[in-house]
Amino acid sequence: MIHFVLLISRQGKVRLTKWYSPYPQKERTKVIRELSGLILPRGPKLCNFVEWRGFKVVYRRYASLYFCMCINQDDNELEILEIIHHYVEILDRYFGSVCELDLIFNFHKAYYILDELLIAGELQESSKKTVARHIAAQDSLVETAKEQASSLSNIIAEATK
Amino acid sequence: MNPFSSGTRLRDMIRSIRACKTAAEERAVVRKECAAIRAAISENDQDYRHRNLAKLMFIHMLGYPTHFGQMECLKSIASPGFPEKRIGYLGLMLLLDERQEVLMLVTNSIKQDLNHTNQYIVGLALCALGNICSAEMARDLAPEVERLLQFRDPNIRKKAALCTIRIIRKVPDLAENFINSAASLLKEKHHGVLLTGVQLCTDLCKISSEALEYFRKKCTEGVVKVLKDLANSPYAPEYDIAGITDPFLHIRLLKFLRVLGQGDVDTSDCMNDILAQVATKTESNKNAGNAILYECVATIMSIEDNGGLRVLAINILGRFLSNRDNNIRYVALNMLMRAITVDSQAVQRHRATILECVKDSDASIRKRALELVYLLVNESNVKPLTKELIDYLEVSEPEFRGDLTAKICSIVEKFSPEKIWYIDQMLKVLSEAGNYVKDDVWHALIVVITNASNLHGYAVRSLYRLVQTAGDQEILVRVAVWCIGEYGDMLVNNTGFLDMEEPITVTESDAVDVVETAIKRHSSDLTSRAMCLVALLKLSSRFPSCSVRINNIIVQYKGSLVLELQQRALEFGAIVDKHRNIRSTLVERMPVLDEATYSGRRAGSVPAVVSTSQGAPINLPNGVAKTTSAPLVDLLDLSSDDVPVPSSSGGDFLQDLLGVDLSPSSSQTDTNQAQKRGTDVLLDLLSIGTPPAQSNSSIPDMVSPSQDSKSAINVLEQLSSPSAPAGGVSTPPGSSSMMDLLDGFAPNPSKPENNGPAYPSIVAFESSTLKVTFNFSKQPGNQQTTIIEANFSNKTFDAYTDFIFQAAVPKFLQLHLDPASSNTLPASGNGSISQKLRITNSQHSKKSLVMRIRIGYKLNSKDMSEEGQINNFPHGL
């Protein structure tokens, strides 16, 4: 089971956090600080796993961003690397060659995509296409609602003119 | 319209926060934004709720408090439109967690959304439920989720499956409701549903043995077939990763098979073929393939034995271990750890490679490898392995040395074939990384050295040599100083010289030099310096020629600002100076330290209590102890002989249990300690604090005047208790003589000290079901100790079984309970249980006894318990 997902920038700034196990607010800040200290200084050739508080944290660096997932001792670390890559590929497809700025300004989109990928700390979908389809469908729902709202307000504005 | 809310868009806020150059600036921007959002919230602004929530989430991510936005999430979820719900659920998952009360308020909204006609809204609700639901919500919403497992759209089915995982993790009782619907998910073709369905079944099996049995019987073959089809499936672009179709599903199926096969031979047999196929056919040049192989090896290791498969698996791990990719090597080490319990021989074959991994530049790999090496050590390979590790210790990185040292010490202690080897290795570790060695480890080394009488000379000479080269290792210096103090003469005379040793000439003043350098070393701490002073004192007697010099060194510490050093210096100086004739007897060699006791204590069987109770003053005047101890001990022994249950014979038993060494001269002391320890245990058991003993009168007396047992004793007891002044010594004789008169019990006034005054019995506790009376007596010559005979009688018409009496007393009392005469109490007072208690009052004649009791028993095989406090003890006990 994945206990939490963290996206941390090279400078230690938090770009996304998702907690599937209960961590109190104070603890969360502490965890992030601890793990940044543990992961960010590691060299590029080293393995992508760090042991931490009896758990394992699997991380992978993409440009300036570290994608980290915390799992149990006996979970499959190599698979988590694949899940991270899976997520990154979906992000890449959605934003069109994703960069850190995309994730900063559209952080909520990154969360929506993650929610289509993981629930309760378990993988939900192994097809990138399916995830993309569901996200697109929900985005269009939002768009239609917006259009309706604006057209409604237009009608109201017209009527009250 | 609110003047703030027209303000910035989300994008602008992020931009302005990112433009901040200092933390203070950022705080100012955030404060302004938060103020605007609060204002919007208080005006119940709906137009910008969406945007405000998004802003709050960003602010939350920066680490600022955002609790004021929690209710906004709930409102947003409750609104009808999809966009509002979407952002509301996101906020709910980000800003709240399962422990917040607010979460309960959302249960109803989620329930409605689970029944919504729009499948994406159902999906949002399922996702939120799966990520943050609490046990209460899980219970409330489980039926909805169960229904959604059969929903027509696969997107909802897969979400419901994962949501179910969360539910059964929170409330395992619910697991059985889901077995059937989970099993039907295994027949799906849709990868997402199959993926989550397999995961759900795996989790169900872990929680419920009923589910495990069910899936084993009904689904094993199906799952094997699914895996077979998947492994043989043609190229499927949608699920392809590195030439493999859906590695995620592969891995989950293998995991599920592991759970099914573990502990069941038939099921394990059933999956052998497919496991062999996956293990041999999977491509291992990409991470995805290795992930599957790794999972496959884990499954082969866990299911019931099949020799051929295991060989295959170990070979895969061997290949992994020699891989250039650090990730692969890491998981290989990880898996070998598990394999070692299955086939340690096979793992031993890779010892050399594993040992190389201990020296890897990657801390994660080093740590794994070290732990694996630790498991690989046995009697036959301990010498070469230790040598390798100690050699590596010299070049290892500082941050790794702590772990490495601890493991080496542990290996050496556990497997050392002979003492001399143990001493050699420990000295090497001390000289390389002495400062990483824990206190108990070097203490153990000293214990071993004292026990090896033929190696005293060898040890002290080796230490002397090492200190010359590695004098900066404080712990090494400590051990050396201690040994030189004890065995300094052997150092100089070359006593007990071993053939393999290099000859060495050390003069008396060379030996003193070592100690002097150590005590004067700038970095030496208090412990080291204090040990040096003791060593100097000892040397002053061993080397009379140096005693003037030693005295000069000691004198320098008379003015030490550290009290401990000053005191030692003063006292030792006086011994060296003025008491030459007794000096040599004073500083004789330490008696051999008891190895068994020390190791027992290290093993943790004796908590800190022992050391404190040993240091605690014994409640007897010095001279008296010896004269009275013998008869007292006899008495105690007698009483324990009477005890029907021999397995728990009082004090001795306790001591054995705790592994305390008995010094032969003071058995009195030991019994006291044992009692004390017994009390401590009890105190912990009942976890009561120390009730103020003087508050007796304020607590209502337990013995009500209307009691039917109107014995003279009782009347008297009630007479005396209201008039009880706080612990008067003078009252007991008075009341007791009155009692004596009434009772016709003739006191012996000529020997009041031996018998002590007699005390009235009391009804210590009485309820509608049970009565407890206490009879008191004193042991001659020991006023502090009272022997209480407790009698229990049953007032109901049913017998009590498993009768247990527990008592706890405040710290100034020591309590010892002898075993009870029986654990069955017959009905209607047709017999009673008696139990002896021994209570020692360290504040005798100042404070009176007080006790809290708990009585447990079974009445018609139902557990009953009663509790009470006893404050009506006669005074002067």
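Author: Chain B has 40 helices and 10 strands, where helices (H or I, at least four residues) and strands (E, at least two) are DSSP runs numbered from the N terminus. This is a predicted model, in which local features need pLDDT of at least 70, side-chain atom pairs count only at pLDDT 80 or more, and totals for chains, interfaces and linings use all residues. Residues are numbered from 1 along each chain as its sequence is written, chains are lettered from A and ligands numbered from 1 in the order in which they are written, and side-chain values use heavy atoms, with hydrogens and water left out.

Strand S9 of chain B, residues 851–859, pairs with strand S6 (residues 800–808) in the antiparallel sense over 7 bridges. Within that pairing, Arg854(B) in S9(B) is the bridge partner of Gln806(B).

S9(B) also pairs with strand S10 of chain B, residues 862–870, again in the antiparallel sense and over 9 bridges. Here Tyr857(B) has Met864(B) in S10(B) as its bridge partner. S9(B) and S10(B) form a hairpin with 2 residues between them, and Asn860(B), in the turn, has a positive phi of about 50 degrees.

For the chain as a whole, 53% of the 877 residues of chain B count as buried, that is, under 20% relative accessible area with a 1.4 Å probe, protein chains only (exposed is over 50%, partly exposed in between).

How values were computed
Two strands pair if DSSP finds at least two bridges between them.
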